[in-house]
Amino acid sequence: MRVANCSLTLARRALFLSVLLAGCAAWALPKQAAPSAAAAPPVGRLIIQYKTGVKLAGQPGATVVTERLEAAAQVQRLATAVGATELRYLKSVSARMHVVTLAQPVAATEARVLIQKLQANPAVEFVVPDVRVRPHLVPNDPLFAGGAFADQWHLQSSALVAGAINAATAWDSSTGSGVVVAVLDGGYRPHTDLATNLVMPGYDFINGDTAEGLWTANDSDAGRDADAQDPGDWVSEPEASLYDCAVEDSSWHGTHVAGLVGAVANNAQGGAGVAYGALVLPVRVLGRCGGFNSDILAGARWAAGLSVVGVPANPTPARVLNLSLGVDTDCDAASRNVVNEIRALNVSIVASTGNEGYEDRITSPANCPGVVAVTAHTRDGDSADYANVGMGTSISAPGGGDNSVLPSSIGEPRFVVSTGNAGLTTPGADNYLEYAGTSMAAPQVAGVLALLASLRPDLSMADLEQVVRTSARAFPAGSYCTFYPGVCGSGLLDAAAAVEAARNWVPSSGGDSGGGCTVGGPGQADAGLPLLAGIAALALLWRRRSVVR
Amino acid sequence: MALKRWCGGLGGAGLAAAALLSACAQPVPPACDPASVAPATALRVIVQFREPVAGDAPQTAQRLQTLSQGCVWPVSSVSPRLYVYRFGGVADVALLRQRLLAWPLVQDVVPDHRASSHVDR
C-alpha cells in the first residue's frame, strides 16, 4: 500500500472495510432466495370442481357439443357472479370438474385471491391451479436401477443413500441440454454408452517432447492433433523405472470421468451421466505416467475458447471444465495466469483435490484461486480416507471407497461405476469400471454445474458455483467433516437442491467472484490429531474391478 | 564447436548424456543447437513473459540460452505469454529462474510439473 492511502480518515477506512467484508460475505454466505410466493410459477389455468347436485355438463343424453356449451355457460355464470370475467371454459375433466383459462397468467398471489372468490360460491366444491407437472425422470439404465442397491448409488436419492446427490429429482428440471462440459483427461474411447454425447474428435494436447519423444502420448501423431482418443496409458516394468512411475494397466480414466458427466441415459444400457443432456468435449492432456502441466493449461485455454498457437479454434467452447487430476504443489504463476484468463470468459473450472489423504492441503490446480475444488465422500457421506481436504476446498461429492467412523454398508456398492474399457494395454471391448477417488467426485460437480447452466443461462458461472456450494447438504452427524468444520467445503453435493436454489437465484451484480474468499475455512489439522490420521496414512491400493453385465 | 557437438548429441546418448551434461554447465554459454534433441534430464519449465512474445522464435531461444548459461530447446506454447522449454546444463529450476529473470521481459519461471489422475491407487 502506498503512503497516500495512509491518509484515509478512520471513517473512510471503516467504510472501505465494511464494503470489503460485504463483498466477501456475499461470496461466502448463502444468498437470500427470493420469497417463495414470487418464485412460484404464474397461474394461467384453474380446475373448478362443482358440488354434487348442481346441474352440470355431462348429464346423460347430452352430446359433446351441448355438454361443452353447458359447461362453458356454467363457468361464465360463475365468473360473472364473482366478477372474474377473464375466465374462459377450456375443457372438462369430468362431469363436475372443468378447466378454465385466464386471459393471461397471473402471479400466484393474485391467483389465490381469485380462487378464494370462486370457492366462496355455494355451487363450488374447490378450485385449484392447473399446474404444469413434469415427469419424475427415472432413466431405464440398468446400472441406475435398484435404488439403495443400485450400482450407480451416487446418483440416487439421499433418503436411500446418504452420500448420493439426488440426481433424478434434478433431472425433472434439467439434464444439461445445450451446455458443453470439457473433460481434460486421458482422452476417450467411443463407448456405446457415451459416444453420442461426445463432441468428437476433441483434441489431443499432449505435445511431443524431443527429450522423451511421444512416450507420454503413446500415439503416432506428432504432437498436438485433432484426435483425443485414448490409445491406452499402460506402463511396463522397464518403462516404469526409466520414467520414474508405477507399473500400470491402462486405466481408461478419461472415458470413466467423461461417463460420469455425460453417459447416455434412457438407452436401457449401462448407466447415466449426471448431465446426460450435456455434451462432453474430450481434451486429452494425460497419457502414460500422467501429463505435463503446460499441456493441461494449453488444453484448458483451448477448451474455454481461447486461442493456442498451432491449434485450430475450438468450435464448441465449454462453460465448464473438469480436471480430475493434479500435482502436489502450490498453484504456480502459470496456472494462476491461465485460471484468471478462463474465469474472465465466464467459464467454471472444477478440479479434484487429490488422493494423498492430506488433512490440510489440496493439490494444484484445485488450490488455485477461482477453481471449484472437490473433495470426495463415501456412500454414507463420510469423507473418504484417501481424499485431500484443507483450505480452498469448495464442496464434497461422491468418490466412493472406504471411510471410518460411520457404520459401513457391507455388501452394497461402494465404488463409483462408469464407462470403461476391457483392454489392459491397447483398447479392447467396452465395459464398465469401478473406481474410487476425488477424480470421480469432481465430474459430478461439473455435471451439476451443467444442469444449472442449462436451467439458468442468464446467471454467471460464478453465481452458479455459489448456488452449488450453498445448496449443499450438511455433512452427516459424527462424520469426519463435522469434527473439522471448514476443511471439507460447504457440504455434500445435492443436485436437486442446487436446481431448486438456482430457480430462485437473483443474479449478482458484481463480476467474477471466483477467487479471494473461500467457503471452507483454513485447515485445522493443527488443532489436534485428526481422528483419521492413522487410517489416512495406510498404504492405498489401486482398486479397480470390472463390472460384469 | 566441441561444445556444440556435445550438446547436440546429448539426446541420443541415453544415460551417457547425463554425465556429459556438466559440459553444458560451463560458465561460458555453450552454442547448443536448438534443433537438436534435448536430453531427458533437461529441465522442463514454463516461462511466463510480461507481454506476448514469439516464444519459439530463434532470437528468443537464443536470448534464453545465453541467459541460462546452458542449452535450450523450445517445446510448446501455452498462451501468447507462456512458453515451455527444456533447459540442459542448469542444475535446478531455482538457479535457472534466477538467471532468466535478468531479462526484464521474463516475469516468472516455474517447473512444468507432471500431473496425474486422481484415482485412488
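# Close-up views of a predicted two-chain model

**View 1. Helix α7 of chain A, residue by residue.** In α7(A), the buried residues are A:H253, A:G254, A:T255, A:H256, A:V257, A:A258, A:G259, A:L260, A:V261 and A:G262. A residue is buried if 20 or more other C-beta atoms lie within 10 Å of its own, exposed if 12 or fewer, and partly exposed in between; the C-beta atoms are placed from the backbone. Ten of the ten residues of α7 (253–262) are buried, so this helix is largely enclosed by the rest of the structure. Helices (H or I, at least four residues) and strands (E, at least two) are DSSP runs, numbered from the N terminus. This is a predicted model, in which local features need pLDDT of at least 70, side-chain atom pairs count only at pLDDT 80 or more, and totals for chains, interfaces and linings use all residues. Residues are numbered from 1 along each chain as its sequence is written, while chains are lettered from A and ligands numbered from 1 in the order in which they are written.

**View 2. Chain A as a whole.** Chain A holds 14 helices and 16 strands. Of its 549 residues, 50% count as buried. Take the contacts in chain A with a separation of 6 or more: residues 24 or more positions apart account for 72% of them. Two residues are in contact if their C-beta atoms, placed from the backbone, lie within 7 Å. The chain is divided into domain 1 (37–129) and domain 2 (152–240 + 252–504). These bounds come from an automatic or database domain assignment. The centres of the two domains, taken over C-alpha atoms, are 51 Å apart.

**View 3. The nonpolar cores.** A nonpolar core is a set of buried Ala, Val, Leu, Ile, Met, Phe, Trp, Tyr and Cys residues joined through C-beta atoms within 7 Å. The largest one has 154 residues, and A:V181, A:L321, A:V350 and A:V445 touch the most other members. Helix α10 (438–455) of chain A gives the most to this core, twelve residues. Apart from it lies another core of 15 residues, including A:I48, A:A71, A:V75 and A:L118. Now look at A:V445. Leaving aside neighbours within four places in sequence, A:V445 is in contact with A:V350, A:V372, A:V374, A:I395, A:A397, A:V468 and A:L493.

**View 4. A buried valine in a loop.** A:V199 sits in the loop between β5 (180–185) and β6 (203–204) of chain A. A:V199 counts as buried because it has 21 C-beta neighbours inside 10 Å. Not counting residues up to four places away in sequence, A:V199 touches A:V180, A:L279, A:V280, A:L281 and A:T316. A:P129 is 70 residues from A:V199 along the chain, and their C-alpha atoms are separated by 42 Å.

**View 5. Strand β14 and its partner.** Six of the six residues of β14 (416–421) of chain A are buried, so this strand is largely enclosed by the rest of the structure. β14(A) pairs with β15 (430–435) of chain A in the antiparallel sense, over six bridges. Two strands pair if DSSP finds at least two bridges between them. A:S418 stands opposite A:L433 in β15(A).

**View 6. Helix α13 and its packing.** Seven of the nine residues of α13 (495–503) of chain A are buried, so this helix is largely enclosed by the rest of the structure. Those residues are A:A495, A:A496, A:A497, A:A498, A:V499, A:A501 and A:A502. They pack against α5 (167–171), α10 and α11 (461–470) of chain A.

**View 7. Where chain B meets chain A.** The contact takes 46 residues from chain A and 30 residues from chain B. On the chain B side, β2(B) gives the largest share, six residues. That side divides into 14 nonpolar, nine polar and seven charged residues. Here Ala, Val, Leu, Ile, Met, Phe, Trp, Tyr, Cys and Pro count as nonpolar, Asp, Glu, Lys and Arg as charged, and the others, Gly among them, as polar.

View 8. An open sheet of three strands runs in the order β8(A)-β5(B)-β10(A), with antiparallel pairing. β8 and β10 (325–326) of chain A stand at the edges, each with a single partner strand, so one side of each is left without a neighbour in the sheet. β8 (291–292) of chain A and β5(B) pair over two bridges. A:G291 stands opposite B:A115 in β5(B).
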